[in-house]
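Me: Please go through a protein model with me, with the cut-offs stated as they come up.

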Amino acid sequence: MNTITCPIPKIENERILLAHGGGGRMTGKLIHDIFYPAFSNPLLEQQHDGAVFNAGNSRLAYTTDSFVVDPIFFPGGDIGDLAINGTVNDLACCGAVPLYLTAAFIIEEGFAISDLKKIVSSMKRAADKAGVSIVTGDTKVVDRGKCDRIFINTSGVGIVLEGININPTRTKAGDAVIISGRIAEHGISILTCREGLSFESSIKSDTASLNNMLRNLLEEVPSVHVLRDPTRGGVASTLNEIAESANVTIELDEASLPVSPQVEAACELLGFDPLYVANEGGVLVIVPEEYAQKTTELLRNHPEGRNACRIGSVVSEGKAQVRLRTIVQSSRIVDMISGEQLPRIC
């Protein structure tokens with residue numbers, strides 16, 4: 001008798017899949033079903049890019065991230081500057097001024113010292129540009145074949161600006177949704193390097209530190225409700241997380257989405273939706289309507305935000321949903337990604 005196998009993986013009683021690391025619905029289930037119950041505490045329950053807490057007379061933000069990107073060198077960057085920028089941006093999205101980082105390396109036996117030097121130099125340049133210092137770290141070497149070349153973990157701490165309260169639960173009906181730049185460029189740049197998927201392209205990763213741009217924004221617009229970098233799972237999954245946290249409906253305007261012609265063509269060719277492709281140098285900003293224009297102008301004053309634009313609004317409360325108003329004025333639901341569109345993106 002033939003056995004029929006369902007192509008959709010079971011959610012319960014199975015093993016870890018690549019999709020569990022994709023930043024979408026399966027990642028969320030892993031976090032909510034396993035990690036939150038085990039480690040539950042008020043700081044973890046903030047469900048933010050980092051933990052914000054009081055230490056003496058200061059408010060601090062602390063975050064950690066691991067980087068397993070493949071390939072380790074790609075157009076526009078490498079695993080080194082990606083590790084620095086990613087952690088700096090998570091701190092900045094908590095409303096903090098990043099100060100100090102740690103760096104831990106897991107390196108496979110046989111890894112080229114010359115490549116390690118390139119990565120470390122890249123990390124140094126990125127740290128200097130962001131104005132942070134790498135103050136401690138760790139190095140482990142594993143047997144050949146027990147690690148894919150090199151993995152990096154970075155953690156960071158920063159001081160939260162006085163009067164700043166960045167939290168996805170602050171999202172309200174009437175808020176404007178703004179993004180600081182074009183979307184999907186990091187993910188597509190990685191894709192062009194993958195074996196069997198590469199093609200001639202000028203697309204580069206958007207990896208960049210955003211802390212200086214965001215500090216200037218918060219000094220001028222302290223009423224910002226949410227800052228979030230749409231990395232794994234892209235803009236769609238990140239906005240779904242925010243919508244669920246605040247129990248709001250967010251509507252995007254398809255005509256306003258900033259996608260370069262090159263990225264749009266690559267996505268059409270390869271069957272990707274740019275809304276679900278990872279970004280590493282952009283930030284979603286949710287602000288009250290009266291600050292929307294000023295926020296966009298302030299972002300555009302910085303090189304990292306020169307393509308900033310409004311992409312939607314928070315239209316109602318009481319139902320967690322993200323939808324897209326298409327160019328023909330129809331509407332469709334933009335759900336959180338369920339599987340893994342592109343593994344090992346960061």
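Reply: This is a predicted model, in which local features need pLDDT of at least 70 and side-chain atom pairs count only at pLDDT 80 or more, while totals for chains, interfaces and linings use all residues. Residues are numbered from 1 along each chain as its sequence is written, and side-chain values use heavy atoms, without hydrogens and water.

Me: At what angle do helix α5 and helix α8 pack?
Reply: Helices here are DSSP runs (H or I, at least four residues), numbered from the N terminus. Axes are lines fitted to C-alpha atoms over the stretch in contact, and angles run from 0 to 180 degrees between N-to-C directions. For α5 (residues 211-220) and α8 (residues 292-300), the axes lie 9 Å apart and the angle is about 145°.

Me: Which residues of α8 make the contact with α5?
Reply: Contact means heavy atoms within 4.5 Å. From α5 come Met213, Asn216, Leu217 and Glu220, and from α8 come Lys294, Thr295, Leu298 and Leu299.

Me: How many nonpolar residues does the contact of α5 with α8 have?
Reply: Ala, Val, Leu, Ile, Met, Phe, Trp, Tyr, Cys and Pro count as nonpolar, Asp, Glu, Lys and Arg as charged, and the others, Gly among them, as polar. The contact has two charged, two polar and, as asked, four nonpolar residues.

Me: How many helices and strands are there in the protein chain?
Reply: Strands are DSSP runs of E, at least two residues. The protein chain has 14 strands and eight helices.

Me: What does the C-alpha trace of the protein chain span along its principal axes?
Reply: The C-alpha trace is described along the principal axes of the protein chain. The spans are about 65 × 55 × 45 Å.
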